[in-house]
Amino acid sequence: MTLNFVLAWQQLRSQWQAGDLRVLVLALVLAVSSITAVNFFTHRIAAHLNNQGGMLLGGDAVIKADRAIPPQYSTEAKRHSLRSSSTLEFASMAINADKNILAEIKAIDDNFPLIGDFGVQFLTERTVQNMRTRPAKGEVWVEPRLANALNLKLDDQLELGAIKLKVAGILLREPSRGGDMFSFAPRVMMHIDDVPATKLLQFGSRVKYQLVLEGNAENLKQYTRKIAPNLQRGESIEDVKTARPEIRSALDKAEIFLGLSAMVTVVLSIVAMLLASAPFVARSQEAAALLRCFGASKANIENIMLIQTALLAAIAGGAGCLLGYLVQFGLAHFAGKLFLENLPAPNLTPIVMGLLLSFAILFAIMLPHIRALKNIPTIQILRRNFVLNSSKIWMNYLPVIVVITLLIFLLAKTFKLALAFLAGIFGICLVTGVLAFGLALLLHRASQSKAFDNIICLGMGNLKRRLGLSIAQIVGFSIGAMVLMLLVMIKTDLMQSWQSSLPADAPNRFIINIQQNQVEPLKTFLSQISAIKCTPQVFAMVRGRLVEKNGQPINAEMFTEDRAKRLVSREFNLSSAAVMQTDNKLQQGRWWRADEAAAPLLSLEHDIAQALNIKLGDTLTYDIAGSKITLTVASIRKVEWDSMRANFFAVTPPETLAQFSASYMTAFYLPKNQDNILNSMLQQFPNFTVIDVASIMNQVREIMSKLATAVSFIFVFCVLAGVVVLYAALVATRSARLQEASLLRAFGASRKQVILMLLTEFTSIAVLASIVAVLVASGLNYYLSRYVLDIVYQFNLQLALSALVMALVLIPLAAWLVIRGYLNVPPKQLLNSI
Amino acid sequence: MLLSESEINLTHRSTINSTAILAKNLSKHVVDVTNKASANKIEILNDLNLQVAHGESIAIVGSSGSGKSTLLALLAGLDVPTAGSVEVSGRSFSTLDEDARAAMRGAQMGFVFQSFQLLPTMTALENVMLPMQLANRKDAKQMAVATLEKVGLAERLQHYPKQLSGGEQQRVAIARAFAPKPAILFADEPTGNLDIATGECIIELLFSLNRQANTTLILVTHDVQLAQRCRRQLTLQHGQLSAI
């Protein structure tokens, strides 16, 4: 064993000195470092984004209850080393002299917020202060809307129930301004210790009790596991993802994208390594043949090769991890200055992943060769005339295919995405393989037609002469180009989708409780205000409880999922519309015709239909104020909830609900500093409830822009991996090309001719690779956009043309750069060195 | 730069100058890389002179490492001397850049290497056509087929080097060397990689084609018997040539 180790080490050293190993090691180091760096960075960004999301909760998770939270929940939190904070939320009238308004009161303890801070304006400060403090006992902070409505100034007294509290600050931003947006009324923030004195909370008062939690993710997970089964009716535990649908949607999209980026890096690196392994394998075979001549057994050879592979994987993997660790530090430092205030410290999982990956990839590449070596007669290796059984060559790639597949499933967040990615990779291999084969034959035929110069013919013919290698290069280039294009396409589409889902003039005020006879006066009122650009749409809302499905009673006990239970226990807002909203997408069924205006039909939102297991054609019976109505599900729609527009789970034709009394709602964009408009509207329509979603939208917008920047950083890694593929492909064929070039020079070819031949060959490869990459990337992008990321697909002609032009310039240029240094060396030296 | 058809005709088999190759005071030194500190120079060739007439066949013999292959490379313009000059058909290599030397080779020279140097990705026919394609010869294919038939490989035109035996590979290399009808043929240990019987067949073929084409042959070998088949035999020792 020691001898085998010594021999393995000596061979590795000599191969390193000979230069064969360097490209492979470089590829492996780059593969591992890029993956490690991406993993480090994505882990840290994900943790940071969760923190950002946490700011919207005020913590990492929150237990919500409709009655006082049992003390054992906070005792248990302490046992799990979690920090906790208790809050209360309830609605009450806030009064100043003769004015009053319904306010959303939030009472907080001394720990709140656990994550994030308040933005508050004080009497002495004109600027907004970001505060980790909270209102002192006897004081309140109020939102500007409330201050305006009640004509309150700082230091005034606000009457809340039985006590008066000093207005100490104007609350401009708060963490945890989440939850059900339709419950929004202006916020009053007070200290929890003042609540009993207000005497506002009586038996039967509607109060939302919350226990906000913060701490180590693992502890939180254990805590949740322990608490969740004991939650009583009316109690729920939520984290960032479950608490806020719009943030959840953004995080999910970001996670999918980051997962995709990591997968791209993995696949590109493996392609690079496959290409770079050829010279190392060839040298290893020669060395093994010599050892066999000197009496080494097959087992010796196998052991030596296995030791070499393990040593390489450990050395390159270790170097890669170290480099990845350093690179991500640099990135995080750089990124921190741009957009991330404080990234959480990296954990060591990516190091373990990086090392495992190094071993998995290298062994997957080397094992087939090690096995094959045992079966090839030594003399054939020495004569270099062994030919592998071509029907079994694909078996050599089987372990790599298995490793890629496993990695894709490991890294992809969804099964659907993994399948799409796998289908894309295998699809492009198949399509490019077939196309490359066809084109090589076509080029070969064209090269014999005498239509081209002899040198161009030789260059074109090279594609067919090195058919296997040409196909491998085209497939490698195509995959590189495809994934890079896919990233650009998806990034552009995602950004556009996010931007368009939250345009600058997206509605930021919702008005509810509009009565039927107020609809027209409201439209008139709004149309007279120049600050409101267009008269907003007014939606009818009828509240009804779902009681039967297909004639069978329906109740919460029939469902296991919490969400489904909640959905059937509460009333739905049924709305009516003649035409579907533009940001909705019909998934199944059809929208109603004009002659079906009063038909008992229903259009359901996709997620709710899925949660309640409702299918197209099902009949649903709603109980509306004691009367029942049965509606048939005519269509299922996809709704972009993160667009912040008014949307409804259930919509009927315009006349279907005419017999029921409805209230109405609308949403519109109110520019900054126009709150006085709302005041005059409320004077004219005192029963209206205005919901301000401007602050929540700003938070969402901020998170979106940080995600977009994060995505751009990860993208750089994928581009680097693509460059490594290009380099490895060129280096893998360098010795063959040098032999060819030097022979051509010996036979009288000029430098120009050699370069022309090389450029012809690589231009052919570039054209084919880029055309196939554009086609496949577009197809895959269509699938991902439509079925996974749920964004609108657009063919990006500009990008397709840029890819073609870039490939046509970069690939031949890179080929020329690799071989250029050798064109000035006398052919004799090259012939000697081969 | 490639020579035009008319230039080829002018220089090819020139009767104006009966000297095919003239090497004057040729030296080749290399630095001893194993002893960088002392920067010792190793003299491979030292002030060597050689004149070869058109149609003449000469053999250069010498022990391994004596510099035979280096001399051949310098005579063919594959390498550049440290000092001295080489003239081919009256044109000095020292006045030409690498491209111009390549053009001279393409127009006037053929090569047979010890290790065959066939391109593994090309068939026998494509390998033979290659030098003529580079010279933009329209008849490349006919010439290649005809020459391969001459060397007995009519049935092997579409075979790749790895599908041919060592002897067959060397016959392809010989066909490649003769097909363009070069004025000068350089052969570097043409039988070095072959067994005795195959080697004899190859030599027979080489000399027979040489006779038919009246090519100037410069043969490098350590095999004295083979050398004797040439009109003139020279030995290379200590960087100098001397007649045997």
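Trainee: Which residues of S3(B) are buried on one side, and which on the other?

Mentor: First, this is a predicted model: local features need pLDDT of at least 70, side-chain atom pairs count only at pLDDT 80 or more, and totals for chains, interfaces and linings use all residues. Residues are numbered from 1 along each chain as its sequence is written, with chains lettered from A and ligands numbered from 1 in the order in which they are written. Now the general idea. A residue is buried if 20 or more other C-beta atoms lie within 10 Å of its own, exposed if 12 or fewer, and partly exposed in between; C-beta atoms are placed from the backbone. Strands are DSSP runs of E, at least two residues, and helices are runs of H or I, at least four, numbered from the N terminus. Here, B:Ser57, B:Ala59 and B:Val61 are buried on one side of S3(B), and B:Ile58 and B:Ile60 on the other. Strand S3 of chain B spans residues 57-61, and five of its five residues are buried.

Trainee: Which strands does S3(B) pair with?

Mentor: Strands of a sheet pair through backbone hydrogen bonds, either parallel or antiparallel. Two strands count as paired if DSSP finds at least two bridges between them. S3(B) runs parallel to strand S8 (residues 216-221) of chain B, with five bridges. B:Ser57 stands opposite B:Leu217 there. S3(B) also runs parallel to strand S9 (residues 232-237) of chain B, with four bridges. B:Ile60 has B:Leu234 as its bridge partner in S9(B).

Trainee: What is the strand order in the open sheet of four strands in chain B?

Mentor: The order is S2-S1-S4-S5, with antiparallel pairing. S2 (41-53) and S5 (91-92) are the edge strands, each pairing on one side only. S4 (residues 83-88) and S5 of chain B share two bridges. B:Val88 has B:Arg91 as its bridge partner in S5(B).

Trainee: Which residues touch the most other members of the largest nonpolar core?

Mentor: A nonpolar core is a set of buried Ala, Val, Leu, Ile, Met, Phe, Trp, Tyr and Cys residues joined through C-beta atoms within 7 Å. The largest one has 189 residues; A:Ala27, A:Met273, A:Ala728 and B:Ile174 touch the most other members. Helix H8 (residues 245-293) of chain A gives the largest share, 17 residues.

Trainee: How many residues does each chain bring to the contact between A and B?

Mentor: Residues are in contact if their C-beta atoms, placed from the backbone, lie within 7 Å. Chain A brings 20 residues and chain B brings 24. H21(A) gives the most to the chain A side, with five residues.

Note on methods. Two residues are in contact if their C-beta atoms, placed from the backbone, lie within 7 Å.
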